[in-house]
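Colleague: I would like a close look at the aromatic side chains in this model. Please keep to one part and give the cut-offs as you go.

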Amino acid sequence: MHTTVTLLADVPAQLLPARELMAFTLASHIILVPLGVALPLITLVMHYRGLRRNDPVALLLARRWSAVMAVQFAVGVVTGTVLSFEFGLLWPGLMGKWGGVFGIGFGVEAWAFFLEAVLIAIYLYGWRRLKPRTHFLLGLPLPAAALLGAFGILAANAWMNTPQGFTLDADGNPEDVHIWSAIFTPMFGPQYWHFVVAMLITAGYTVAGVYAVGWLRGRRDRYHRLGFTVPFTLAAVFTPVQFLLGDSIARSVFHKQPVKFAATELVWRTDTHVPEYIFGRLHPDGSVSGGIRIPQFDSILAGFTPGTKVTGLTSVPADDRPTPAQATLAHWAFDLMVVIGSLLILLALWYGWCRLRQHRLPASPWFFRAAACAGVASVIAVECGWITAEVGRQPWIVYRHMRIAEAVTATRSTSLWIMLGLVIVVYVFIFGSLLAVLLKMRTGWRLADARRAAGEWTDEPESDTPYGPRARVPADDPPSDGGTGAGPDEDGRP
């Protein structure tokens with residue numbers, strides 16, 4: 001306890017509010033990231049199915065998902081821009097000293113962001129203006145642009161975990177930067193693919209969960225069946241793959257960041273035959289209370305044999321490793337992520353059994369209840385993954401080169417707390433507005449479907465948004481402009 005109190009007394013007063021502000025904005029932004037990265041691919045899969053099979057239901061779903069994609073992207077622009085400013089405002093020591101080494105990742109992400117914005121605009125614009133094949137082909141670069149943005153961010157974060165690609169001068173400042181080495185660090189590959197597949201799984205389960213709720217409420221038409229099946233199948237196929245990628249990144253951390261691995265697994269002293277703890281709490285004396293203890297299993301997981309030596313937290317001085325509280329937080333986040341991933345694998349196996357052996361969707365309402373919760377559970381797992389990665393690296397912001405306390409701003413802590421309060425209020429408004437817009441879009445789509453089912457003419461609700469031209473009003477319908485007769489011209493333009 002004495003060591004922990006001493007370490008806390010040495011940190012600047014600005015550190016806690018700066019970390020809380022960064023944590024809140026990052027956690028909020030991550031909620032939107034899966035749809036930003038993976039929804040374009042899911043939408044294009046549905047779009048391709050609609051074109052290939054001449055399926056109007058699939059095309060309708062693809063078009064509506066593209067509208068959701070645009071709204072989500074617009075909100076993601078706001079939350080992402082806030083994060084980019086916070087790097088400079090909250091951590092000037094990091095960007096001032098190391099920005100020239102790893103900043104190329106942020107440059108790539110910014111370029112990909114503008115490219116994705118243009119491609120989304122073209123894709124939305126083309127629904128009623130382009131030939132079907134041309135429209136689809138113009139949408140194909142969208143997933144690549146989204147993956148490029150993730151490439152830039154993950155390259156920067158992986159560099160912070162395993163920095164390389166530079167030398168230090170006599171004053172300790174980086175020089176002689178090798179860009180390719182700084183981008184493709186030892187942790188980049190495992191982090192990138194683990195992240196990308198996590199985004200695809202999360203987006204797939206989230207989209208499918210919307211239609212699972214509809215299915216439970218009795219909406220069992222082909223529209224809801226297809227809206228559930230396509231994204232859920234994509235997510236279910238990649239869920240076992242993600243489990244293998246998770247094992248790969250854990251082994252990379254074991255070899256490249258042994259102290260972080262020790263924090264994640266609550267390993268106090270370097271030893272062999274190390275037990276595995278499922279949950280549990282690490283105390284300052286190195287003891288672990290609570291949780292489930294599995295003898296020797298941590299060594300087996302790390303090196304496939306009980307004799308594998310696992311580096312402990314005490315292998316480095318106390319001020320070079322996470323505190324017991326931070327290690328416990330990283331450990332709980334990691335274990336919760338693994339538990340959620342294991343449950344999703346069981347759900348995917350249940351779905352796969354029914355689809356492959358019985359050629360139908362599962363009949364049990366419990367399956368659809370679980371599917372409805374899978375999207376939220378996946379988002380929680382993503383949040384837990386970032387907590388594990390960032391808290392487990394403490395106290396370093398650049399592993400073994402710069403501590404977080406050295407990078408933090410000199411702004412008064414009171415000002416940072418006030419800023420955090422204001423950001424929370426603004427974000428509540430932003431996410432509330434996003435939810436209101438999505439619910440209004442859903443209501444409009446349901447009304448349009450009801451009118452279409454009744455044989456009434458209806459303009460598509462999404463055409464009332466500025467994403468594309470309106471359809472031509474049938475000649476036998478009265479004009480809706482107050483009797484002026486001003487409506488779409490012969491080409492369908494307003």
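Which residues form one aromatic cluster with Tyr205?

Modeller: This is a predicted model, in which local features need pLDDT of at least 70 and side-chain atom pairs count only at pLDDT 80 or more, while totals for chains, interfaces and linings use all residues. Residues are numbered from 1 along each chain as its sequence is written, and side-chain values use heavy atoms, with hydrogens and water left out.

Tyr205 forms one aromatic cluster with Trp215, Phe228, Phe232, Trp350, Tyr351, Phe367 and Phe368. Rings of Phe, Tyr and Trp (its six-membered ring) pair if their centres lie within 6.5 Å; planes under 30 degrees apart count as stacked, over 60 as edge-to-face and the rest as tilted. The structure holds 35 aromatic pairs. In one of them, the ring centres of Tyr205 and Phe232 are 5.2 Å apart and the planes meet at 70°, so this pair is edge-to-face. Tyr205 belongs to helix H9 (residues 188-216) and Phe232 to helix H10 (residues 222-256), so the pair ties together parts that are 27 residues apart in sequence. Helices here are DSSP runs (H or I, at least four residues), numbered from the N terminus. Tyr205 and Phe232 are both buried, where buried means under 20% relative accessible area, exposed over 50% and partly exposed in between (1.4 Å probe, protein chains only).

A charge also comes into the picture: the charged end of Arg369 sits over the ring of Trp366, 4.4 Å from its centre. For that, NZ of Lys or CZ of Arg must be within 6 Å of the ring centre and within 35 degrees of the ring normal.

Definitions and conventions:
Helix = DSSP H or I, 4+ residues; strand = E, 2+ residues; numbered from the N terminus.
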